[in-house]
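Dear colleague,

I am handing over the structure below, together with a short account of what was found in it. Please read the notes with the coordinates open beside them.

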Amino acid sequence: MLEASHIADVDLIEKPSNWMLQHPMYQQMMDLEVEDSAQVYAAFLVYMDLAEVRQWKEVSSIRCPELQVVLLEGREKEGAPIHTILPLPVRQSLSHRSMRSVLDRGSPMLLCAVASDSSLVYQRLTDGLVTPEPPVGPIHDQGRRHHRKRRQQH
């Protein structure tokens, strides 16, 4: 038989809460009053990756009224330029006009696709075409050329 004091102790044990809902940055994002809760959740996951895993500096959230989304801003390292990050759930579509409105902010832009399993994929977006970086190191022909058979003309 259980004693009354033991039953009282069990009632006082705090049930586990969702830590994310208590996080100050998540609460700040919710205060931005963006209607799409999936996009807010995606923004929080990207924030945690940038701030805690990648150690970005000065990561903050802002509301983009044109798109009704939460954008993130931050620096890759101390003294680096501020980047604008658009966190987006993978199932959400993105128009050229939407990208243009974020690119027109003037800072470098990253699009972060957030999968349902919380995987994140970052893509750097630029205004216009960018020449690719040249390969690093010497380039050697490995002798693996694919030869196509020429069609014989009769």
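**Pocket, helix packing and salt bridges**

The largest pocket has a volume of about 170 Å³, and please keep in mind throughout that this is a predicted model. Its lining is made up of Ala38, Tyr41, Ala42, Leu45, Pro89, Val90, Arg91, Val114, Ala115, Ser116 and Ser118. Sorted by class, these lining residues comprise eight nonpolar, two polar and one charged. Helix α4, which spans residues 37-53, gives the most to the lining of this pocket, with four residues.

Two packed helices are described by the angle between their axes and the distance between the axes. For helix α3 (residues 24-31) and α4, the angle is about 145° and the axes are 10 Å apart, and the crossing of these two helices is right-handed. On the α3 side the contact is made by Met25, Tyr26, Met29 and Met30, while α4 brings Val40, Ala43, Phe44 and Tyr47 to it. By class, the residues of the contact of α3 with α4 divide into eight nonpolar, no polar and no charged.

Turning to charged pairs, the count of salt bridges in the model comes to five, where a side-chain nitrogen of Lys or Arg has to lie within 4 Å of a carboxyl oxygen of Asp or Glu. One of them joins the side chains of Arg75 and Glu58, at 3.1 Å from N to O. Because Arg75 lies in strand β2 (residues 69-75) and Glu58 in strand β1 (residues 57-64), this pair ties together parts that are 17 residues apart in sequence.

With best regards

Terms used. Residues numbered from 1 in each chain as written. Predicted model: local features only at pLDDT ≥ 70, side-chain atom pairs only at ≥ 80, totals over all residues. Heavy atoms only, no water. 1 Å grid on protein atoms, 1.4 Å probe; cavity = no way out; pocket = protein on both sides within 12 Å on 5 of 7 lines; lining within 4 Å. Points joined across faces, edges and corners; volume = space filled by probe spheres on them. Nonpolar A, V, L, I, M, F, W, Y, C, P; charged D, E, K, R; others polar. Axes fitted to C-alpha atoms, helices over the stretch in contact; angles between N-to-C directions. Left-handed = near helix turned anticlockwise from the far one by under 90°. Contact = heavy atoms within 4.5 Å.
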